[in-house]
Structures are given as C-alpha cells and as structure tokens.
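Before reading on, please take a moment to look over the sequence and the structure, and keep both in view while following the text.

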Amino acid sequence: MTPDDTGTAALSKTRLEYLEELGDELVKRGLRVRLTLPRGQSPCLHVLNPDASALTENILAEQGADGWWYWWSWAERIAPAADVTSAADRIAQVLALH
C-alpha cells in the first residue's frame, strides 16, 4: 500500500495545515514558531517566547472522535483546531506573552 491508500498522507497534510495556521496566528502575537517533523512521530509546532527563551512549548494537532484539537505536549487539550484564536490566546497566556 502507498501512503495515499492508507490515508496517512492526507492525515499528515491536515495536521500540518492546522499547525501552520496556528503558527501564523502566534507569530502575529510576537511569539516565535518552528514546525518540526520528527522522524516516526507526529509533527508539532515548537513555540518560543522571544523575551524569555526558557518559556517554550511543543503544540500538537490531533484528531479525536469529536474533531481536531490542539494539544499541549503533556496531553492536555488547548482548544478545538477550528478555534485558532482561542488556542493562540491560551498559548500566549501560558508562555507569559505580555
């Protein structure tokens, strides 16, 4: 089977699109972001507060039975992926962006 036959390629593309959309919103707020594609793992968005480099987090986008969600690295939901503004607000708050 090819990746297209299993749906894996489409799933990764959707996940990347959600992460890119969130990344764009976080950059507008002054955070630094980097999309990471670790081999054998789900892509994630590395987010950094440029004024306090110790304040970083890896954000995931995962699909569940109730739709796509953004997740913290410690497996807690942030917000539905359809609500990028709420997700960005919460991430900015946790990373102490003023």
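The paragraphs below go from the whole chain to its sheet, then to a helix and a loop.

What is shown here is a predicted model, so a careful reader begins with the confidence of the prediction, where pLDDT is the predictor's confidence in each residue, from 0 to 100. The protein averages a pLDDT of 87, and 85% of its residues score at least 70. Over residues 1–7, however, the pLDDT is below 50, and this stretch has four contacts in the model beyond its near neighbours in sequence. Where pLDDT is low, the predicted coordinates should not be read in detail.

With that caution in mind, one can turn to the overall plan. The protein contains three helices and five strands, and, read from the N terminus, these elements follow one another as α-α-β-β-β-β-β-α. The protein has 98 residues, of which 32% count as buried, while its accessible surface comes to about 5,900 Å², with 51% of that area belonging to carbon and sulfur atoms.

How are the strands arranged? The five strands form an open sheet in the order S1-S2-S3-S4-S5, with antiparallel pairing. S1 and strand S5 (77–80) are the edge strands, each of them pairing on one side only, and from one strand to the next the twist averages 25 degrees. Within this sheet, strand S2 (residues 44–48) and strand S3 (residues 56–64) run antiparallel and are joined by four bridges; Leu45, for example, has Ile59 in S3 as its bridge partner.

Helix H3 can now be placed against the sheet. H3 lies across S2, S3, strand S4 (67–71) and S5, and runs at about 155 degrees to S5. Which residues of H3 (residues 84–94) are buried? They are Val84, Ala87, Ala88, Ile91 and Ala92, and because these residues cover an arc of only 130 degrees around the axis, they are on the same side of H3. After H3 comes Ala96, whose phi is positive, near 55 degrees.

A last stop is Gly30, which has its place in the loop between helix H2 (8–28) and strand S1 (32–36). Is Gly30 buried, exposed or partly exposed? Buried means under 20% relative accessible area and exposed means over 50%, and since Gly30 has a relative accessible area of 37%, Gly30 is partly exposed. Gly30 and Pro50 are 20 residues apart along the chain, and their C-alpha atoms are separated by 7.8 Å.

Notes: Residues numbered from 1 in each chain as written. Predicted model: local features only at pLDDT ≥ 70, side-chain atom pairs only at ≥ 80, totals over all residues. Heavy atoms only, no water. Contact = heavy atoms within 4.5 Å. Helix = DSSP H or I, 4+ residues; strand = E, 2+ residues; numbered from the N terminus. Buried < 20%, exposed > 50% of the residue type's maximum accessible area, 1.4 Å probe, protein only. Areas by Shrake-Rupley, 256 points an atom, 1.4 Å probe, with all protein chains shown as cover. Arc of directions from axis to C-beta. Pairing = 2+ DSSP bridges. Axes fitted to C-alpha atoms, helices over the stretch in contact; angles between N-to-C directions.
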